[in-house]
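Subject: Structure handover

Hello,

The structure we discussed is below, together with its sequence. My notes on it follow.

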Amino acid sequence: MAISVAASSSVAVIVPRVPAVSTRCSAVPYLPPRSFGRSSFTVPLKLVSGNGLQKVELMKTRASSSEDTSTSIDTNELFTDLKEKWDGLENKSTVIVYGGGAIVAVWLSSIVVGAINSVPLLPKIMELVGLGYTGWFVYRYLLFKSSRKELAEDIDSLKKKIAGTE
């Protein structure tokens, strides 16, 4: 970027001075995209020396099948399990209605949360309310052994009500 200044009959151009060599050293090395093949790769690290930047080989690794600890999901098995469960359902329309209702409820709740976040101070107040309720719940139900037993009984009675066995 140049700034020009006009004096009576002459023009002077002022160019800002930029240092030629950066003295900044990045502690985070460049990581190449993850490859899934059996190839070796190197990660260069830029170091600052007295007369410029030098690339140094930080690590050299060879991928092998014995070191591969990632879990793989068999998609065919997953789809066959889902198909068997879907075929075993009696009221497919009810499942579709409940699933659609759940999606609409999540969508509407995200709209409400977005509206609450746009109001100044209201998100912080809601956080305080949540922290207060969490503290009360811990004091009321989790702190003492007798109250934990009461909570377990309440959860069991709620399960029985939902299952229809009570």
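**The loop between α3 and α4**

L143 has a relative accessibility of 48% and therefore counts as partly exposed. The residue sits in the loop that joins α3 to α4. L143 also belongs to a nonpolar surface patch of about 480 Å², which is made together with V138, Y139, L142 and F144. Please keep in mind that this is a predicted model.

**Overall layout**

The chain contains four helices and four strands. Along the sequence they follow the pattern β-β-β-β-α-α-α-α. Of the 166 residues, 4% count as buried.

UniProt, in an unreviewed entry, places a "transmembrane region" at residues 95–116. In the model, the chain over residues 95–116 is 100% helix and 0% strand.

**Salt bridges**

How many salt bridges does a search of the whole structure find? The search finds two.

One of them joins D87 and K83, with the closest N and O atoms 3.4 Å apart. Both residues lie in helix α1, with a spacing of four residues, about one turn of the helix. D87 has a relative accessible area of 46%, so this residue is partly exposed. K83 is at 54% relative accessibility and therefore counts as exposed, the cut-off being over 50%.

The other pair is E150 and R140, whose closest N and O atoms are 3.0 Å apart. E150 lies in helix α4 (residues 145–163) and R140 in helix α3, so this pair ties together parts that are 10 residues apart in sequence. E150 is partly exposed, with a relative accessible area of 29%. R140 is likewise partly exposed, with a relative accessible area of 30%.

**Negative patch**

Which residues form the negative surface patch? They are D74, E77, D81 and E84. D81 is found in helix α1, which covers residues 75–88. The relative accessibility of D81 is 35%, so D81 counts as partly exposed. Helix α1 also holds the D87 and K83 pair described above.

**A positive phi at L121**

One backbone angle deserves a look. L121 has a phi near 70°, a positive value in a residue other than glycine. Most residues other than glycine have a negative phi. Where does L121 lie? L121 is in the loop between α2 (92–118) and α3 (122–142). Is L121 buried or exposed? At 64% relative accessibility, L121 counts as exposed.

**In brief**

For quick reference when you open the file:

- Salt bridges: D87 with K83 at 3.4 Å, and E150 with R140 at 3.0 Å.
- Surface patches: a negative one that includes D81, and a nonpolar one that includes L143.
- Backbone: positive phi at L121.
- Record: "transmembrane region" at residues 95–116, from an unreviewed UniProt entry.

Regards

Technical notes: Residues numbered from 1 in each chain as written. Predicted model: local features only at pLDDT ≥ 70, side-chain atom pairs only at ≥ 80, totals over all residues. Heavy atoms only, no water. UniProt positions renumbered as here; feature names shortened; annotations may be inferred. Helix = DSSP H or I, 4+ residues; strand = E, 2+ residues; numbered from the N terminus. Patch = residues over 30% accessible without salt bridge, like charges linked within 9 Å, V, L, I, M, F, W, Y side chains within 5 Å. Areas by Shrake-Rupley, 256 points an atom, 1.4 Å probe, with all protein chains shown as cover. Salt bridge = Lys/Arg side-chain N within 4 Å of Asp/Glu carboxyl O. Lys, Arg positive; Asp, Glu negative; His and termini not counted. Charge placed at Lys NZ, Arg CZ, Asp CG, Glu CD. Buried < 20%, exposed > 50% of the residue type's maximum accessible area, 1.4 Å probe, protein only.
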